[in-house]
Every structure is written in structure tokens, then in C-alpha cells.
Amino acid sequence: MMNMESVESVIYDVTAEFFHGATVIWVEQVNTKPDLPYVTLKTGNLNRTRFPVVDDDGNRFYPCSTLLEINLYTKGKAVTVAENVTGNYANTAASDLQDFFNYLDSEEIVDKLAAHGMDISLEPPVRDLTNLQNDSKYRYRAMAEATVSFSQEANGRYGIGGMDAPNASGGGSAEMADATSGVIEEVEISEETYEGGKA
């Protein structure tokens, strides 16, 4: 069952899979900046539709979305001015971040996200937010936002069926998660006969 915690786990996994040569961090979890290159992730508010979609088996799903902010900090590409001499670094931040969204739109990753009931779509543009620190230290930066869409299942009598309960903040209970819906799904009807024929 997908919720924000599991959605963020998938976001982290696909980002780290692509940027395997960089450090990937959530902005709320780390105080110190890692060495370049690194990528920061941040999700925004959780938006949920008011009414669920109900499938043929009576399972309820709420279409949800959140805004994902991705920042790439990089030294860029070394520019060689003479043999074995690096003159400076070319700014590749926006181009490198755009490569990530091409990866997210690839058949392989679209299928991987779809298996989780997710979609990650770029909200253009990819912004170049570079601010050179000084003449000898390069720290290029690009930022983009994406809409992350997913469905959150809300089954059971209390809407938390199948979830780990209580949650990390003490919400819910195992009894609530295990409680089944009060809806009668099947009724067995038997035919009885009386003297003189059927009832």
C-alpha cells in the first residue's frame, strides 16, 4: 500500500540509481553539506482528492499528489586547457538535471514507477541557479520541480486496513488496521420446503 513514506522511498531509490556518482539526501534530514556533486530532495504538501475511486472488489483508493523539488549541486565538467592541466569547470548543472528527467521518462523507469502506482512528471523549466562562490571554487546548481502522482489505498473499517499500526506518530492501532468493513459482501440463500410444497 502506497503512502507518503513509501512514495518518498521510491523517489529516493530512482534518484540514487541515476545519480550513482553523487550523494542523494533529503533536505530535512542532513545538516552538513556533502562533497560535490550532490542532490537534494524535498517533497511539498500532500494533496488528496475528496472522494475515493472504488474498484470492483470494493477497495477504496484516493488519488494523491505532491510537489517534488530536486536540486543538483555540481562542480561541473573539467575544461582542459593544456595536457593534464585543468583550466576551469564548465557549468553542466541544468543539462545534467535534464538528463535525470529523460531517465524518469524512459520506458524502463515509467514501468518501474507504474508498478508502484506512481508517476513523476517534470514541471518545466529546469532552472540554472548557479552562484559562483569565488574565482577558484565552482559550485554550479540547477533546480527543478516535478509533480508526483500516486494512489493511496484506504480500506477496512477505519481506512487503515493493511497498514502498520500504530504509525510512527502513534496514530491508529493494530485492532483498527485489522478491523474489516461492516459491509456484508455475500449472503447464502437456501431454499426450504414445507408440507404441501415450497414456502
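Two residues are in contact, or touch, when heavy atoms lie within 4.5 Å. Keep that in mind for this tour of a predicted model, where local features need pLDDT of at least 70, side-chain atom pairs count only at pLDDT 80 or more, and totals for chains, interfaces and linings use all residues. Residues are numbered from 1 along each chain as its sequence is written, and side-chain values use heavy atoms, with hydrogens and water left out.

**Stop one: Leu97.** Select Leu97. Leaving aside residues up to four places away in sequence, Leu97 touches Phe19, Ile70, Leu72, Val126, Ala142, Met143 and Ala144.

**Stop two: the core.** A nonpolar core is a set of buried Ala, Val, Leu, Ile, Met, Phe, Trp, Tyr and Cys residues joined through side-chain atoms within 4.5 Å. Buried means under 20% relative accessible area, exposed over 50%, partly exposed in between (1.4 Å probe, protein chains only). The largest core here has 35 residues, and Ile11, Leu97 and Met118 touch the most other members. Elements that each supply at least two residues include α1 (4–18), β2 (38–43) and β5 (60–74). Helices (H or I, at least four residues) and strands (E, at least two) are DSSP runs, numbered from the N terminus.

**Stop three: β2.** Select β2. Five of its six residues are buried. Strands pair if DSSP finds at least two bridges between them. β2 pairs with β1 in the parallel sense over four bridges; look for Ile25 opposite Thr40. β5 runs antiparallel to β2, joined by six bridges. There, Leu41 has Ile70 as its bridge partner.

**Last stop: Thr92.** Find the loop between β7 (85–90) and α2. Is Thr92 buried or exposed? Thr92 is buried, because its relative accessible area is 17%.
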